[in-house]
Amino acid sequence: MEFVTLDFETANKNRNSPCEIGLTFVSEGKVVETKSWLIRPKPMEFDYFNVLLHGIRADMVADQPEFDEIWKEVSPLVDGQLLVAHNAGFDMGVLRRTLELYDLPFPSLNYACSYIFSKKVWGGLPAYDLKSLCALNGIPLDHHRAGPDSMATAQLALRAFELGGVAAIEDLPSKLHTTVGSLFNGGYKPSETRRQSNHWQRDLSTIVGDPTKHNPESIFYGRTVVFTGALSSMTRSEAQQVIVDIGGSIAGGVTKATDYLVVGQQDYRLVGDDGMSTKQEKAVKLTAGGAAIEIVSEADFLKNI
């Protein structure tokens with residue numbers, strides 16, 4: 001099976017601010033090569049949290065080409081290919097919006113999300129972020145740089161395809177319950193899986209979402225999200241507003257109906273010896289009992305909003 005894995009790092013909260021792109025090429029079931037490019041974003045604005053996450057600073061890209069120049073080299077490498085990305089809603093969103101920023105046509109390609117199909121392969125895990133899945137499968141990871149992340153995604157996808165019996169792109173819908181997305185000149189079709197929606201609409205008496213901001217591509221759309229700990233990037237109320245604007249639901253406590261628990265910084269004077277809050281301990285316990293609760297870090301929360 002042949003495919004290319006894609007990973008972007010962004011300079012700030014805007015999807016059209018890539019500062020690095022990584023591609024890893026897989027042919028006949030083996031990793032062949034990894035390429036990465038630093039990118040000077042337009043405008044040159046770096047958010048503190050993004051720099052903290054990936055370590056790419058403005059001075060590191062000041063002499064690098066902008067995306068439109070790099071795209072001349074990248075476009076032939078991905079056009080007509082199957083792309084795989086972990087949290088493809090983010091990476092494909094960066095690609096689309098950056099192409100739009102430079103008024104460049106979309107390439108023609110198919111894509112799939114390893115975050116989505118990993119849930120079919122490794123069911124019942126408390127988290128499906130790239131770091132957790134790589135640790136589970138013994139895959140080396142130098143996290144949050146585009147080249148190493150694309151390499152780790154390639155190795156993870158190969159393992160998932162092996163376990164899932166996937167030999168061709170046509171196998172993805174039936175064997176891994178993943179709809180293959182596509183990008184084409186003039187539009188796109190997202191890569192999706194079946195979503196549960198029987199419990200997410202609740203009475204949000206104080207925080208009301210904006211329906212015009214609903215984002216069906218987000219993993220939080222139609223899901224119930226609980227927060228624990230302090231977020232460094234925003235207040236909890238701001239984060240809750242983001243969730244309901246996306247089209248998700250928020251709750252104050254963890255129950256079997258919880259889909260995601262977002263874990264921020266904990267006050268170690270208050271948590272137990274294991275460093276987990278009461279909410280996180282309950283989530284772990286419920287997950288062990290069969291509940292489908294996913295625990296995500298603040299970094300992965302931000303990457304999916």
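The following questions and answers concern the fold of one predicted chain and two of its residues, His144 and Ser191.

This is a predicted model, in which local features need pLDDT of at least 70, side-chain atom pairs count only at pLDDT 80 or more, and totals for chains, interfaces and linings use all residues. Residues are numbered from 1 along each chain as its sequence is written, and side-chain values use heavy atoms, with hydrogens and water left out.

Q: How many helices and strands has the chain?
A: Helices (H or I, at least four residues) and strands (E, at least two) are DSSP runs, numbered from the N terminus. On this basis, the chain has eleven helices and eleven strands.

Q: Which radius of gyration does the chain have, and why does it agree with a compact globule?
A: The radius of gyration is taken over C-alpha atoms, and the globule rule is 2.2 Å times the number of residues to the power 0.38. For 305 residues the rule gives a value near 19 Å, so the chain agrees with it, having 19 Å.

Q: What percentage of the residues in the chain is buried?
A: Buried means under 20% relative accessible area, exposed over 50%, and partly exposed in between, with a 1.4 Å probe and protein chains only. Of the 305 residues in the chain, the buried ones make up 49%.

Q: Where does His144 lie, and is His144 buried or exposed?
A: His144 is placed in the loop between α6 (130–137) and α7 (146–164). Because its relative accessibility is 13%, His144 counts as buried.

Q: With which side chain does the side chain of His144 make a polar contact?
A: A polar contact is a pair of N or O atoms within 3.5 Å; within protein, one must be able to donate a hydrogen and the other to accept it, and residues adjacent in sequence count only if both atoms are side-chain atoms. For the side chain of His144, such a contact is found at 3.4 Å, and the partner is the side chain of His143.

Q: Why does Ser191 count as buried?
A: Ser191 is found in the loop between β7 (187–189) and β8 (224–228). Ser191 counts as buried because its relative accessibility is 12%.

Q: Which residue has its backbone oxygen 2.8 Å from a polar atom of the side chain of Ser191?
A: Contact means heavy atoms within 4.5 Å. Not counting residues up to four places away in sequence, Ser191 touches several residues, including Tyr111, Cys113 and Thr179. The backbone oxygen that lies 2.8 Å from a polar atom of the Ser191 side chain belongs to Thr179.
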